[in-house]
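Please look over this structure with its helix packing, nonpolar cores and backbone geometry in mind. The report takes these topics in turn.

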Amino acid sequence: MAVSETKTAAPPSGLAEFWFYFSRNRGAVLGLVIFLVILCLAIAAPVVAPHSPTEQNRAVLLLPPAFAPGGQLTYLLGTDPVGRDILSRLIYGARFSLFIGLVVVSLSVVSGVLIGLIAGYFRGRIDTAIMRVMDIVLAFPSLLLALVLVAVLGPGLLNAMIAISLVNLPHFVRLTRASVMTERTKDYVIGSQVAGAGTMRLMFLTILPNCLAPLIVQATLAFSAAILDAAALGFLGMGAQPPTPEWGTMLAEAREFIQRAWWVVTFPGLAILITVLAINLMGDGLRDALDPKLKRS
């Protein structure tokens, strides 16, 4: 009597499962494609940009884009008030904006997760003291607090990144604390404690990996918020300083020419809008792919 062998399909890998749920959100896929294009342009800026971002050509001040009357193909998006190529400055500006977002999110995540982990695990007076400080920070409007911090530290790109990181810190502290408090009472944590796991092992190897999903989504949203805040500080003259090709600084330099040279304001504004929108769409996809409740729906 022949015995039939049944082959069971192997379960999908974690990456394949993630991509399955992420790709169901078409907006997230579109956002990912746009973000990758911007990232590639930023990395390859010296090769892709047709001109130097600081090169001035006094013969073509406020030149219109190539598709507008009076434009030139050598300056596809026109020039600014001192004759610099807007397209080249936008491409190099992507470097600064993505770098700002990366540094701000890294600082906020590392410090916020560490503080939130301590507050959620130890509780008691430590938790109370930390959360009252975070509540005070959250009581101020984020942009106003960032402006105050930059005014104290001094204008500049580095100080702007530090200020934005401090403004975003409470969000990661509160989210980490809430996740740790939820995970701390579960059976696998209690089992690790009974098995003799130390405090550091419980915090960083047992509890923290199970709190990462909401933190990844929050980090994505904080990335886009950091780009917006940096652009706002640059527009107000408290962030990157001229002639740095940062999008907010470009807007600040062009605001007096809005009525007679629309392109000097429109293209940096569109760059900020498209980049932030793409990152937010990616954040929605990450939420769909990492949230167990949304997976079951």
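The notes below start with the basis of the model and then turn to its helices, cores and loops.

## Basis

This is a predicted model; local features need pLDDT of at least 70, side-chain atom pairs count only at pLDDT 80 or more, and totals for chains, interfaces and linings use all residues. Residues are numbered from 1 along each chain as its sequence is written, and side-chain values use heavy atoms, without hydrogens and water.

## Helix packing

Helices here are DSSP runs (H or I, at least four residues), numbered from the N terminus. Helix 5 (residues 124–138) packs on helix 7 (residues 157–184) at about 140°, with axes 9 Å apart. Axes are lines fitted to C-alpha atoms over the stretch in contact, and angles run from 0 to 180 degrees between N-to-C directions. Helix 5 passes helix 7 in a left-handed crossing (the near helix is turned anticlockwise from the far one by less than a right angle; clockwise is right-handed). Contact means heavy atoms within 4.5 Å. Helix 5 contributes residues including Ile 130, Met 131 and Met 134, while helix 7 contributes residues including Leu 166, Leu 169 and Arg 177. The contact residues divide into nine nonpolar, one polar and four charged. Nonpolar covers Ala, Val, Leu, Ile, Met, Phe, Trp, Tyr, Cys and Pro; charged covers Asp, Glu, Lys and Arg; the others, Gly among them, are polar.

Helix 4 and helix 7 pack at about 40°, with axes 5 Å apart. Their crossing is right-handed. This contact has 20 nonpolar, eight polar and two charged residues.

## Nonpolar cores

A nonpolar core is a set of buried Ala, Val, Leu, Ile, Met, Phe, Trp, Tyr and Cys residues joined through side-chain atoms within 4.5 Å. Buried means under 20% relative accessible area, exposed over 50%, and partly exposed in between (1.4 Å probe, protein chains only). The largest core has 41 residues; Ile 86, Trp 247 and Trp 263 are among those touching the most other members. Helices 4 (86–122) and 12 (263–290) are among those supplying at least two residues each. Beyond four places in sequence, the contacts of Ile 86 include Leu 77, Met 250 and Phe 267.

## Backbone in the loops

Most residues other than glycine have a negative phi, and most peptide bonds are trans. Leu 62 has a positive phi near 50°. Leu 62 lies between helix 3 (45–48) and helix 4, and is buried at 15%. Arg 123 has a positive phi of about 55°. Arg 123 sits in the loop between helix 4 and helix 5, partly exposed at 35%.

The peptide bond from Pro 242 to Pro 243 is cis, with omega near 5°. Pro 243 lies in the loop between helix 10 and helix 11.
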